Amino acid sequence: MALVDIVESVGRGRDYVAKKDLVKGQVMFTARPVAAALRFEHLRSHCSGCFCPVDIDTCEAAFICEDCGLWTLCDTCCGGQAVADRKPKEDTIGFEYLKLHLQSKECATIQKGDAQDTTTRIILQMMQTYRQEVASTAKDVNDLGAPTGVQGLATLEGHEETRDETAIVAYLGFVQDVFSVLVEEGRELSDYLSNEEVATAVHWLHVLQHNQHAITCDFTGEMVGCMISPEGSLFNHNCRPNTIWVTGAGGVIKFVAAENVKKGTAMCISYLHEHTPVAIRNQVLRNRYKFDCSCGRCNDSEEDKLLDILGKDDKDNLVEKNESATRVVVNNEILDLAEILDEWLNQRLAGSSAESTDGDGVTLETASEKIGELERAANREGLSTTHWSILRFHVAAGDLLLSLGNPSEAVQHFKTVIDNSPDIKPYHTKVN
């Protein structure tokens, strides 16, 4: 039974609202994406079923598509080890994913070298699912009442009315290019795709601009792909979210309470990484998602103060072990460098740090030493430059160094955030 209701909210459209008091870490409902695609460079390093890392060199039972030589299934939950020839059995979720991979022509597109972006392959998968009229992707939520499956995509906003004529023509051209690659010599696009299907695919392209969810690697925090779930797209945004989504065995998406929540509370996710400063958040939300955020965090005039930027939010670890692979599914606290720096700074300012040589205060020398120590810790953990903890840390370190009168070092930390943040990078020139 679902733990949330759908209600109409003034100025917000539909909202998920808690039907009862929820406990932090409680799964509200689960679903499978209508379509999902790993980034091209991750096709052989991650499972296309459950998105977990796969070491091809040591994992002899993993399945690799013989046709494209890239698309991979893990040997644990997605059925790669099911039979002697390593192909998943017909009753496994891995077989379903393999069939979609082949029937959607995603495989053929990869072979032709025309699938460098995830959007191309997601559109192909969505069209195949549309033709099969798959009705539902939600699991155990019969009373949820949320839009689900391909039919659910039709209820999602594409905001076509906000596009100029040039963008509309470009979207149509993109869809035609995606499917033209699959048209055999001597045939026309209309032989493969009806006018109605073209219009539907163009609408999906608009929808994807506002409703995709990132697929994030459990171990490094790196975004390895994208997916679309009508159920998940119904969540509204808050810069201090009380809901997160995680992927589990078989590619199931779990929507989880990120904090204790009272009955009747609107459940929200964050459309952006939490390290993103308020000015950038407002710009991205306005340009990409077509609204101005009025959440408590954006209205908080104290947001730009040092300690708030450093990150005071509770980051308790929510960990679930996959029984067959014992891999971390949720890891909000692998190493929260910004929080460690925040705690150290508070101790210094309070004059209670056991490490302090002068009893209180923060000097440029002690701050630089602590920042260097945390950078070395990050290297030992193997955290990528796009990991949320690394990005939060660089914002915190830059702001601290700036407040201590060292702008030359501070700007290097801010530049790292600008160069590696998926939220800020598109606005690089504006930030500079």
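**Close-ups of a predicted model**

**View 1. Where α5 meets α7.** Ile-168, Tyr-171, Leu-172, Phe-174, Val-175 and Phe-179 of α5 touch Val-198, Ala-201, Val-202, Leu-205, His-206 and Gln-209 of α7 (contact means heavy atoms within 4.5 Å). Residues are numbered from 1 along each chain as its sequence is written, and side-chain values use heavy atoms, leaving out hydrogens and water.

**View 2. How α5 and α7 cross.** Helix α5 (residues 165-180) packs on helix α7 (residues 195-211) at about 115°, with the axes 9 Å apart (axes are lines fitted to C-alpha atoms over the stretch in contact, and angles run from 0 to 180 degrees between N-to-C directions). The two are therefore roughly perpendicular (65 to 115 degrees).

**View 3. Phe-51, a positive phi.** Phe-51 isn't a glycine, yet its phi is about 75°. Phe-51 lies in the loop between β4 (35-38) and β5 (63-64), and is buried at 5% relative accessible area (buried is under 20%, exposed over 50%, partly exposed in between, with a 1.4 Å probe and protein chains only).

**View 4. Lys-105, also with a positive phi.** Lys-105 has a phi near 75° and sits in the loop between α1 (93-103) and α2 (106-111). Lys-105 is partly exposed, at 36% relative accessible area.

Notes
This is a predicted model: local features need pLDDT of at least 70, side-chain atom pairs count only at pLDDT 80 or more; totals for chains, interfaces and linings use all residues. Helices (H or I, at least four residues) and strands (E, at least two) are DSSP runs, numbered from the N terminus. Angles under 35 degrees count as roughly parallel, over 145 as roughly antiparallel, 65 to 115 as roughly perpendicular and the rest as oblique.
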